[in-house]
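This report covers a ligand shell and some backbone features of one structure. The sequence and coordinates come first.

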Amino acid sequence: MDTKQQALFIIFGGTGDLAKRKLYPSLFELYKKGFLRDNFAVIGTARRPWTDEYFQEVVREAVTAEHESEEDVANFAQHFYYQSHNVNDTEHYVTLRKLAQQLDQKYHIGGNRLFYLAMSPRFFGTIAKHLKSQHIVTDNGYNRLIIEKPFGHDLTSAKELNNAIGSYFTEKSVFRIDHYLGKEMIQNIAAVRFGNNLFRSLWNNRYIDNIQITLSEALGVEERAGYYETAGALRDMVQNHILQIVSLLTMNMPASYTESDIRREKLDALKALQVYTPEQVKNNFVRAQYTGTNELKGYRQEEKIADDSRTETFVAGKLFVNNENFAGVPIYIRTGKRLAKKTTRIDIVFKDIPKNIFGSAKLGKNILTIIVEPKGEIYLQMNVKQIGQDFGLQVQKMDLLQVKDNKVQIPEAYEKLILDALRGNATNFTHWEEVAYSWKFVDAIRSTWDQQQDSLAEYASGSMGPKVADDLLVRDGHKWVFTVNGEEN
Ligand SMILES: NC(=O)C1=CN([C@@H]2O[C@H](COP(=O)(O)OP(=O)(O)OC[C@H]3O[C@@H](n4cnc5c(N)ncnc54)[C@H](OP(=O)(O)O)[C@@H]3O)[C@@H](O)[C@H]2O)C=CC1
Ligand SMILES: O=C1O[C@H](COP(=O)(O)O)[C@@H](O)[C@H](O)[C@H]1O
């Protein structure tokens, strides 16, 4: 396995929230583990007139934690350089090229470049164009572009963006990041499904009753009002993270665990998504906005949010993947801000046994639960005998995996994905066609909502969303496995 990597990172949006909170700490982890050592440098760029010294201080602050060695932190930060740069200004790319050449020589990098676009997608086209026209891409190494979400605003804008980038970079060199695909427990979906005959054989519409996906956040919109007002929960979380999870759960078994085979199967699953008519949208999807409590502000009271904003901060829905194995299985999804708890989980609810031979003893449901956050866990809910003279049944949760106690060993999603990009492995990145089919599904919902002004519900901050989200399941005879008061079925 190739361990030590040689690369020059150019991070557009180097002063931003994502860079500070996720990218610098992830690069530091790669540094400590020896993947990045002597032959790497990072140029951070943004408009702010920072110096190298100040930038290095920001980086040191971003990666410093109690247990870190000061020497490691200091040595790591010395690889960072800052270039004040407006991405629309061609002149600035000339200075950037010179700095990149100098650093390439100084650190013996050999021409490998990784351009990380950690800023608003409206700049992606112009950055890609200038990287090419101003010869910042090299001839003697690889040139890879990591692009942050959201990839476009709808299918039309995503196509425009893809064409703009595609004029300068091949699909193979474009790494569209969806950080959920780098999460340990999301990667576990394939391991559980295709590594165990037990689950492989049950993973279909003959045995699965329904699937529930919950991505709930306790935080509100925080400092991202400008972006969030143009996105809302549907574009922010459903178009990408949730549909990617859906594709991993419902794809057919790939011929091998390789980029091309997995991609083919995921794409087929996304193609099989039932795109709703306006009437079906009304019946199957709900949206809502959080209201305030004594302690917490409502969405419309948040900074930089209009007091008549109609942006949804919560979405729930029922969707179908009409392939051979999943046609007819309702997949319930929900995501929202300011909910009761930060939790990311998948509940696979199996069908009831056709005949209960135990008389009056009630059988509980078999549920396979994959908890992604706050701690990695997989457990299976089963019926077992109650210990004692008489024959009674009880529901027990069987732990299949618990990674909560050794959390430090779980690599952060961004760390894994950056290493994958350095190695040229795009298995856990999204291909353009996946993005396109996801937008097709989401656009049908969005356009119905845009014409339907009365369908925005409210939910109290700290709850698990509006009642209409529960009703989606209740009318099918189901209920959310995860509830605000704990877990039940
Ligand atoms: N933050 C997060 O948790 C997540 C973010 N993302 C995505 O990552 C991307 C970045 O998000 P985030 O870091 O939160 O955004 P921020 O607003 O914090 O950062 C934006 C960056 O772009 C720079 N910038 C803005 N305009 C220009 C310009 N004309 N020329 C050069 N630089 C410019 C800003 O610096 P300056 O003002 O100095 O120019 C800043 O560094 C977005 O696509 C977002 O959707 C995805 C998942 C999670
Ligand atoms: O992409 C995004 O994800 C985060 C949630 O990510 P997580 O890893 O903390 O679950 C979300 O807060 C943000 O709005 C969205 O852009």
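## K304

In this predicted model, K304 has 12 C-beta neighbours inside 10 Å and so counts as exposed, the limit for that class being 12 or fewer. K304 also has a positive phi, about 65°, although K304 is not a glycine. The residue is found in the loop that runs between β8 (285-291) and β9 (314-319).

## H108

A positive phi also occurs at H108, with a value of about 50°, and H108 is not a glycine. Its place is the loop between α4 (90-106) and β4 (113-117). Because H108 has 9 C-beta neighbours inside 10 Å, it counts as exposed.

## Cis peptide bonds

K149 and P150 are joined by a cis peptide bond with omega of about 0°. P150 lies in the loop between β5 (143-147) and α6 (155-166).

A cis peptide bond also joins E373 and P374, where omega is about 5°. The loop that holds P374 is the one between β12 (367-373) and β13 (377-385).

## Shell around ligand 2

The residues that surround ligand 2 are H179, E217, D236, T344 and E373. By class, this shell has three charged residues, two polar ones and no nonpolar ones.

E373 links this section to the previous one: E373 is part of the surroundings of ligand 2, and a cis peptide bond joins E373 to P374.

Notes:
Residues numbered from 1 in each chain as written. Chains lettered and ligands numbered in written order. Predicted model: local features only at pLDDT ≥ 70, side-chain atom pairs only at ≥ 80, totals over all residues. Near = placed C-beta within 6 Å. Nonpolar A, V, L, I, M, F, W, Y, C, P; charged D, E, K, R; others polar. Helix = DSSP H or I, 4+ residues; strand = E, 2+ residues; numbered from the N terminus. Buried ≥ 20, exposed ≤ 12 C-beta atoms within 10 Å, placed from the backbone.
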